[in-house]
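Subject: Structure handover

Hello,

Here is the structure we spoke about. My notes on it follow below.

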Amino acid sequence: MRSSIPNLLTLRGRGGSRASRGRGRAHPEAHDTTIQGTDTDAAVSRLSAVHCGYLTDPYAQFFVSAGGGPPTRRLPIINRGTYTRTTALDRLVDAFLDGGGQRQIVSLGAGTDTRVFKRFARGETEGLVYHELDFEIISQKKLRIVRGNPMLSRIMGEITVSEDATCWSSELGARGEYHCHGLDLRKLVDADESQVLIPGLRTDMPTLVVSECCLCYLATEQAAAVLAYFHKRIPSLGTVIYEPVLPHDAFGKVMTANLAARGISMPTLDSYPTPADQEKRLSEAGFVGAVKAMTVEEIWRKWVTDDEKARLDSLEGLDEVEEWELLAGHYVVAWGSKGLDVKAWNELLT
């Protein structure tokens with residue numbers, strides 16, 4: 001097994017800056033900074049997939065420093081992984097929004113994720129309330145980029161910054177509203193009912209909490225407490241989680257060693273090592289409706305049509321088929337709900 005196995009954690013397009021979740025260790029600030037760097041990896045991988053034709057995302061270019069040259073090109077299996085994860089989460093988000101009526105999305109560790117811009121630019125978001133949470137340094141960076149880019153500024157409209165500068169928001173009229181919070185997720189762990197840590201969070205509408213390689217950087221108990229924060233407050237709630245699995249086989253050991261070499265640890269990987277464990281995790285957290293976990297490899301086989309696979313293969317070709325199957329088999333998308341009409345999600349499984 002090659003020690004240079006590529007890592008789908010760099011695919012996060014929320015993966016977001018995982019700075020807001022570190023394990024309590026001797027130098028937590030240093031660990032937070034290391035995790036923040038994964039957002040740069042994610043933005044580069046997203047732009048690579050766009051540049052190579054896998055994805056359409058006119059906003060990805062604004063979150064990568066070009067340096068005067070062409071975009072960095074990732075390996076074909078990385079581009080395929082970016083595509084599969086991104087389209088899978090888009091499909092689940094679409095299914096949630098198709099439920100009708102006002103809806104709310106909360107993206108944990110959103111970083112430089114561009115999904116919010118695509119949503120509001122299409123104008124298909126009537127009444128949508130969209131929250132992004134990440135470390136303050138990342139939310140401020142996103143604010144600077146949006147303000148400095150005419151295309152993004154047109155989408156987001158007039159921006160209001162909170163008095164303490166930890167949150168910036170956009171009121172988008174009939175399209176909805178957007179809030180970007182500079183918040184360390186660990187502050188949600190011991191929050192009491194009287195604390196308003198997420199200004200603008202609605203508890204009276206169906207809500208989807210999305211974690212793309214975010215909660216995995218928290219201690220297991222902290223990750224569970226973050227989910228519980230929303231579960232206790234919002235009656236109609238769904239969640240979608242993207243994380244690595246299978247750390248104990250030969251491939252998984254190399255994968256975790258690669259991450260450890262970068263100073264990155266993922267406590268939930270040990271706590272929920274299999275897709276079945278991820279399903280159990282959500283069920284025990286109270287998400288008992290439409291609970292399911294699928295590996296990226298399974299999603300590729302079942303959700304991507306033959307015609308689309310042929311299109312993607314024509315872009316670069318893929319010689320490392322066995323390596324792709326191993327790599328994609330070690331990442332999972334898991335979802336579940338409580339108090340939601342999950343018909344659309346159930347249909348994804350047929």
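The largest pocket has a volume of about 190 Å³. On a 1 Å grid over the protein atoms alone, a pocket is an open set of points with protein on both sides within 12 Å along at least five of seven lines, a cavity is a set where a 1.4 Å probe fits but cannot get out, and lining residues have an atom within 4 Å of a point. Volume here is the space filled by probe spheres set on the points, which are joined across faces, edges and corners.

This is a predicted model: local features need pLDDT of at least 70 and side-chain atom pairs pLDDT 80 or more, while totals for chains, interfaces and linings use all residues. Residues are numbered from 1 along each chain as its sequence is written, and side-chain values use heavy atoms, without hydrogens and water.

Residues lining the largest pocket include Asp 94, Arg 103, Arg 119, Arg 122 and Glu 124. Helices H2 and H3 (115–122) each give two or more residues to that lining; helices (H or I, at least four residues) and strands (E, at least two) are DSSP runs, numbered from the N terminus. By class, the pocket lining has two nonpolar, three polar and seven charged residues. Ala, Val, Leu, Ile, Met, Phe, Trp, Tyr, Cys and Pro count as nonpolar, Asp, Glu, Lys and Arg as charged, and the others, Gly among them, as polar.

The second largest cavity has a volume of about 60 Å³. Among its lining residues are Phe 96, Arg 103, Leu 340 and Trp 345. Six residues of that lining are nonpolar, none polar and two charged.

UniProt, in an unreviewed entry, lists Arg 85, Gly 109, Asp 184, Leu 185 and Glu 212 under "binding site". These span 128 residues in sequence and the farthest two C-alpha atoms are 24.9 Å apart, so they do not all gather at one spot. UniProt positions follow the numbering used here, feature names are shortened, and annotations may be inferred rather than shown by experiment.

Asp 184 is in the loop between strands S5 (176–182) and S6 (207–212), and Leu 185 lies in the loop between S5 and S6. Asp 184 is buried at 15% relative accessible area, and Leu 185 is buried at 0%. Buried means under 20%, exposed over 50%, and partly exposed in between (1.4 Å probe, protein chains only).

Regards
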